[in-house]
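Please look through the sequence and the structure shown here before reading on.

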Amino acid sequence: MVPISVVESELAAQFQQLGPASAPAYERVKKVIAAGVRSGRWAHGQQLPSEHQLVSALGLSRMTINRALRELMHEGLIERRAGVGTFVAVPKAASALLQVRNIADDIRRHGHRHRTEVVFVREESSEGADPELRDAAGPVLYRSLIVHFEEDTPIQLEDRLVNPAAVPGYLERDFTRQTPHAYLNEVAPLTRGEHIVEAVLADAAERRLLRIGRYEPCLLVRRRTWSGDVLVSVARLLHPGSRHRLEGSFGADWSLGHAVDR
C-alpha cells in the first residue's frame with residue numbers, strides 16, 4: 001500500500017507536468033487521479049489524500065478539488081465516505097442482464113476469487129411454490145440457500161428451488177466446489193429462461209448473510225429456467241446494490257441480444 005504522502009507528491013508532480021494550457025484545473029486533477037487508478041498504481045480500496053491535502057499539494061481552490069472528486073465519484077473511480085476519507089473504488093461485480101451465466105466465471109473473469117458458503121441444501125414441501133414448478137415436481141422439491149463471495153465480500157444470496165424429477169442428485173452435490181448453475185447446466189442443460197428484476201430491501205436474515213445495513217437497497221433477480229419443456233429451477237438472486245450492477249446489450253432484433261445468469 002502506497003502511503004498517502006507519496007500519493008500526494010506523485011499527484012502534485014503529474015499535475016504540474018500536464019501544464020495549465022492542457023485543460024481546466026479540475027480536469028487535470030481528474031486525469032492524474034484516473035491515470036493512477038486505471039494503471040493499478042493505487043490499489044482498489046486504497047485511501048487517497050483528502051480535499052484539504054490536495055488543496056495544499058496542488059495549490060488549487062477547494063471548489064476545484066471538490067468538483068474533480070465529485071465527478072470521479074460519479075464515474076465510479078473513487079468512493080467518498082463521510083467522516084472517513086476518499087478511496088479508490090472497488091469495482092462492482094457485474095452480471096449480464098440478458099444472459100444466464102455462472103457467477104463464479106464472472107468473478108474469475110475480473111481476476112478475483114469466488115467462493116461460496118452453503119447455508120443449507122434440503123428437501124422441502126412444494127406447497128406455496130411456483131405453481132408450474134409444483135406441478136412438475138410433485139409434493140416435494142429441493143431447495144438450496146447459498147451465499148456467493150467475491151474475495152471476502154458477499155455479493156449474491158442465491159435461494160433456489162429445484163425440480164427433483166429433473167435433477168435427482170441435487171442434494172448430494174458439494175456446492176462449495178461447483179455452483180448450482182454449473183451443475184444444473186450439466187444435468188439439465190438450459191434451453192429457455194425468464195427473469196424479473198426489481199429493487200427491494202432485504203429482510204433481517206438476508207441482511208445478516210449479505211453483511212449489509214438495514215436500508216441498503218438491493219437488486220433482486222427472480223429467474224425461472226427450463227430444459228426442453230421441463231421447468232427445472234426457480235431462483236431468487238439477491239444482490240447488494242452497492243456491490244453489483246446489471247449489464248446488457250441488444251439490437252433492433254431482440255433475438256440478436258444475449259438472453260444470461262449471475
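With which residue does glutamate 206 form a salt bridge? In this predicted model, the partner is arginine 236, and the closest N and O atoms of the two are 2.6 Å apart. Because glutamate 206 belongs to helix α8 (residues 204-210) and arginine 236 to strand β10 (residues 230-240), the pair ties together parts that are 30 residues apart in sequence. Glutamate 206 is buried, with a relative accessible area of 10%, whereas arginine 236 is partly exposed, at 26%.

Aspartate 159 is buried, with a relative accessible area of 17%. Aspartate 105 and arginine 108 also meet through their side chains in a salt bridge (3.9 Å, N to O), but here both residues lie in helix α5 (residues 103-109), three residues apart and thus separated by about one helical turn. Aspartate 105 is partly exposed, with a relative accessible area of 37%. Elsewhere, Arg113, Arg115, Glu117, Glu151 and Asp152 are linked in a network of salt bridges.

Charged groups also meet aromatic rings: the charged end of arginine 81 sits over the ring of phenylalanine 87, 3.9 Å from its centre, and that of arginine 122 sits over the ring of phenylalanine 120, 3.6 Å from its centre.

In one of them, tyrosine 170 and phenylalanine 175 have ring centres 4.9 Å apart and planes at 45°, so the pair is tilted. Tyrosine 170 is buried, with a relative accessible area of 0%, and phenylalanine 175 is buried as well, at 2%. The rings of tyrosine 170 and tyrosine 183 likewise make a tilted pair, because their planes stand at 40°, with their centres 6.4 Å apart. Together, Tyr170, Phe175 and Tyr183 form one aromatic cluster.

Finally, helix α2 (residues 25-38) has 14 residues and reaches 20 Å from its first C-alpha to its last. Of these 14 residues, 10 are buried, so α2 is largely enclosed by the rest of the structure; the buried residues include Tyr26, Arg28 and Lys30. Glycine 40, with a positive phi near 85°, follows the helix.

Terms used:
Residues are numbered from 1 along each chain as its sequence is written. This is a predicted model: local features need pLDDT of at least 70, side-chain atom pairs count only at pLDDT 80 or more; totals for chains, interfaces and linings use all residues. Side-chain values use heavy atoms; hydrogens and water are left out. Helices (H or I, at least four residues) and strands (E, at least two) are DSSP runs, numbered from the N terminus. The expected span of a helix is 1.5 Å times one less than its number of residues. Buried means under 20% relative accessible area, exposed over 50%, partly exposed in between (1.4 Å probe, protein chains only). Rings of Phe, Tyr and Trp (its six-membered ring) pair if their centres lie within 6.5 Å; planes under 30 degrees apart count as stacked, over 60 as edge-to-face and the rest as tilted. A charge sits over a ring if NZ of Lys or CZ of Arg is within 6 Å of the ring centre and within 35 degrees of the ring normal. A salt bridge is a side-chain nitrogen of Lys or Arg within 4 Å of a carboxyl oxygen of Asp or Glu.
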